[in-house]
Amino acid sequence: MADLFDTLEENSVHKLPFDIPEGVGFSYAWNQELQGFVIEIPHGQLFYVPHFFSKKISDRTVEYFLENDRYALNEVNWKEVDENSFKEIHFTNILWKQDSIRLYGKKIPLPRLTSWYGDPGKAYKYSGILSEPNPWNKGLLYIKEQIEKVANTKFNSVLLNWYRDGEDYLNWHTDDEPELGKNPTIASVNFGETRDFQVRNTKDHNMKFTVPLQHGSLLIMSGEMQHFWEHAVPKRKKILKSRFNLTFRRIE
Ligand SMILES: O=C(O)CCC(=O)C(=O)O
């Protein structure tokens, strides 16, 4: 029978592989059944599974995302493919896009590639861009179904981010768009290079921590988190290869 001391023992065996601030409202516990860490922070909760997908599935997923009619996967430096050549590539499984934002009348390409999939009609606005979803494919549905088993949520859309190398990044933001509902559950899965996912308190920027999101990992954000904490993926210049992040969401 499980009791308080079992939990303590589990925690000493399963130490969280990154630091979270110490103090009131911060704690974590290992969930043996789901093989992940439940992390409590003030006004938010995270669930982190370091090895959610096996290496075999994760390696195959990277290939699946990149399969195309032009370039052999290991021979191309994606950063050297200019915007016009990129448009000519037919990716077999994912419709990657180079989106841009307009700033003071100038067109600025986003520092990553993106793609949006979901149920029909679940249009979503990110970085000021309104995007109609592409219809689900088999690979994304497989990932979604695996995640739904632990997230207790039925997701109806996913945003894919492709960070071609460590120069690609994502600025500080919260996922608090009204169409996500009041306290959204957002499940993030990661394939390819490990990148730092930084989290900081919206009011006190010194209250922060970093989750290194590795190949095959899952991070679920829930509770009031999107109102009190923002997140970012900063540049990491030494990283030369791609990382893919998928955030599954539920558009109301
Ligand atoms: O790449 C990541 O880990 C974060 C993605 C994210 O925050 C977003 O797409 O809103």
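Reader: How many helices and strands are there in the protein?

Author: This is a predicted model, in which local features need pLDDT of at least 70 and side-chain atom pairs count only at pLDDT 80 or more, while totals for chains, interfaces and linings use all residues. Residues are numbered from 1 along each chain as its sequence is written. Helices (H or I, at least four residues) and strands (E, at least two) are taken as DSSP runs, numbered from the N terminus. On that basis the protein has five helices and 16 strands.

Reader: Which radius of gyration does the protein have, and what would a compact globule have?

Author: The radius of gyration is taken over C-alpha atoms, and the globule rule is 2.2 Å times the number of residues to the power 0.38. For 252 residues a compact globule would come near 18 Å, and the protein agrees with this, having 18 Å.

Reader: Which strands pair with strand 9 in the antiparallel sense?

Author: Two strands pair if DSSP finds at least two bridges between them. Strand 6 (residues 113-118) pairs with strand 9 over six bridges, and Trp116 stands opposite Leu159 there. Strand 16 is joined to strand 9 by seven bridges, with Val158 opposite Phe248. The antiparallel partners therefore include, by the two-bridge criterion, strand 6 and strand 16.

Reader: Which residues touch the most other members of the largest nonpolar core?

Author: A nonpolar core is a set of buried Ala, Val, Leu, Ile, Met, Phe, Trp, Tyr and Cys residues joined through C-beta atoms within 7 Å. The largest such core holds 43 residues, and its largest share, five residues, comes from strand 9. The members that touch the most others are Leu46, Val158, Ala187 and Leu219.

Reader: Which residues does Pro109 touch, not counting residues up to four places away in sequence?

Author: Pro109 is found in strand 5 (residues 106-109), and Pro109 is exposed, with 11 other C-beta atoms within 10 Å. Two residues are in contact if their C-beta atoms, placed from the backbone, lie within 7 Å. By that criterion Pro109 touches Glu83, Gln98 and Ser100.

Reader: What is the value of phi near which Tyr104 lies?

Author: Tyr104 is placed in the loop between strand 4 (100-103) and strand 5. With 5 C-beta neighbours inside 10 Å, Tyr104 counts as exposed. Its phi is positive, in a residue other than glycine, and lies near 45°.

Methods: Buried ≥ 20, exposed ≤ 12 C-beta atoms within 10 Å, placed from the backbone.
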